[in-house]
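Biologist: Could you walk me through this one? I am new to it, so please go slowly.

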Amino acid sequence: MVQQPTDFGAELRRRRLEADMTLTGLAQRVHYSKAQLSKVERGIKKPSRELARLCDAALAAEGALAALVPENPSGIGVTVDANVNDEVWLMQLSSQGQSRFQPMSRRQAVAAGAASIAGVSIGLPAISTNVEDATLVGTFRSLFDQYRQLGQTTSPGLLLPVLIAQTHVLQELSKTGSVRTRQALLRLGSRYAEYIGWLVQETGDENGALWWTQRAVDLADAGGDHHLAAYSLVRRALVTLYRGDPERTIGLARQAQSSDVSPRVRGLAAQREAQGHALAGDYHACMRSLEQARALLARPAEGSGAPVIGTTNLTDPAEMVRGWCLYDLGRPRTAAQIIETQLAEVPEQAVRTQVRFGLRRALAHAADGEIDHACRLTQDLLPKVTTIGSATVATDLRALARTLSRHPKNRSVRALAPELGTALGTTTRR
């Protein structure tokens with residue numbers, strides 16, 4: 001017998017009977033078999049987090065049932081020691097396309113012999129004071145926009161080396177020229193570093209992602225931009241969200257909102273808080289946070305000329321996140337409808353965004369019992385899944401595979417299985 005902290009099975013049975021619902025009726029609502037629900041109620045089988053959310057929504061338990069099956073976070077903290085003063089960056093590129101990045105202090109580099117490795121020394125030429133500030137900053141800003149576009153269609157591992165090199169160049173260039181140019185280059189460098197942090201997380205390296213996020217904060221502070229420190233909390237909350245830790249996700253998001261920062265950063269933080277509440281099964285708190293996010297994100301952007309923080313490929317990010325949250329709240333049908341509507345507005349070239357939310361739409365359809373439709377959607381997405389190489393997308397892909405595995409006799413599931421298995425293997429190895 002599987003022992004639960006508070007007997008989920010007994011509480012499920014009590015609420016089901018109170019609602020005058022049979023096991024067959026509940027099975028039809030949540031798209032699990034009657035036999036499996038019976039085992040859960042009798043304590044023979046442990047309920048999944050997904051089943052708990054679906055039952056919670058079906059029985060209008062307002063999070064009480066979902067709370068009885070908590071997530072299992074890794075317990076790893078999200079703090080990072082990023083003492084980057086007097087720092088050396090080492091990057092290795094192989095002929096097989098692999099790359100490796102490692103920061104260390106100059107003292108460590110000398111002790112390890114890294115400072116005297118044989119090779120070509122590439123010196124950074126002095127920048128003429130005749131170079132106009134606007135031209136210099138504008139050139140690197142234009143490059144950044146192009147790199148973000150490339151990031152939608154390529155694997156992070158292919159783009160990271162050049163982004164890291166550009167961040168280093170911006171940091172070095174900031175040591176020359178006027179104070180205004182220095183601050184502009186450091187602020188732009190912070191956006192590069194923040195974007196690197198996101199791509200590193202896409203490779204599955206959470207610690208590396210946090211290191212780059214802290215590096216972005218340091219560069220932004222040096223450039224007089226103190227808003228990125230609050231946004232770093234939003235980024236850290238994304239790590240805890242994917243670890244399945246709603247408490248830390250909510251806490252970090254609230255901490256970001258308590259700062260005196262731009263409406264956009266507070267709006268993104270409110271969105272992340274909503275996702276944390278959805279993970280915890282708290283529908284009303286989730287909707288309140290989403291309304292707050294919608295109001296904040298609707299405010300005009302500040303005219304600083306800096307790259308926009310967060311995604312630029314969603315016309316209504318709060319509404320898309322609402323669809324995301326409703327799936328976590330056990331309302332897959334409504335979630336699928338919202339995500340489908342919002343996906344129609346995503347630009348064709350934003351492949352990574354299409355895959356991320358397209359897979360979540362397929363997952364919602366599968367959870368709603370629309371297995372054939374979910375398989376068709378997934379079939380179209382799988383080639384793109386392997387191209388973009390996303391560890392966060394892989395999380396939903398594994399969830400989708402588990403959901404489809406409950407329908408082994410379905411013809412569409414059997415037909416999809418070989419390609420789905422290959423995609424799962426590819427994303428796991430990245």
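**Arg15 and its surroundings**

Modeller: Not counting residues up to four places away in sequence, Arg15 touches Leu59, Ala61, Ala64 and Leu65, where contact means heavy atoms within 4.5 Å. This is a predicted model, in which local features need pLDDT of at least 70 and side-chain atom pairs count only at pLDDT 80 or more, while totals for chains, interfaces and linings use all residues. Residues are numbered from 1 along each chain as its sequence is written, and side-chain values use heavy atoms, with hydrogens and water left out.

Biologist: Is Arg15 buried or exposed?

Modeller: Arg15 is buried, with a relative accessible area of 19%, since buried means under 20% relative accessible area, exposed over 50%, and partly exposed in between, with a 1.4 Å probe and protein chains only.

Biologist: Which side chain does Arg15 join in a polar contact?

Modeller: The side chains of Arg15 and Glu11 are joined by a polar contact of 2.8 Å. The term stands for a pair of N or O atoms within 3.5 Å; within protein, one must be able to donate a hydrogen and the other to accept it, and residues adjacent in sequence count only if both atoms are side-chain atoms.

Biologist: Okay, zooming out, how many helices and strands are there?

Modeller: The protein has 19 helices and 2 strands, which are DSSP runs numbered from the N terminus (helices H or I, at least four residues; strands E, at least two). Of the 430 residues in the protein, 51% are buried.

Biologist: And which residues have the most contacts inside the largest nonpolar core?

Modeller: They are Phe140, Leu163, Tyr192, Ile196, Trp212 and Tyr231, in a core of 41 residues. Such a core is a set of buried Ala, Val, Leu, Ile, Met, Phe, Trp, Tyr and Cys residues joined through side-chain atoms within 4.5 Å. Helix 8 gives this core its largest share, 10 residues.

Biologist: What does Phe140 contact?

Modeller: Leaving aside neighbours within four places in sequence, Phe140 is in contact with Gln166, Val169, Leu170, Leu173, Leu188 and Tyr192. Among these, Gln166, Leu170 and Leu173 are also listed as buried residues of helix 7.

Biologist: How far apart are the end C-alpha atoms of helix 7?

Modeller: They are 25 Å apart, which agrees with the 26 Å that its 18 residues should span at 1.5 Å a residue; the expected span is 1.5 Å times one less than the number of residues.
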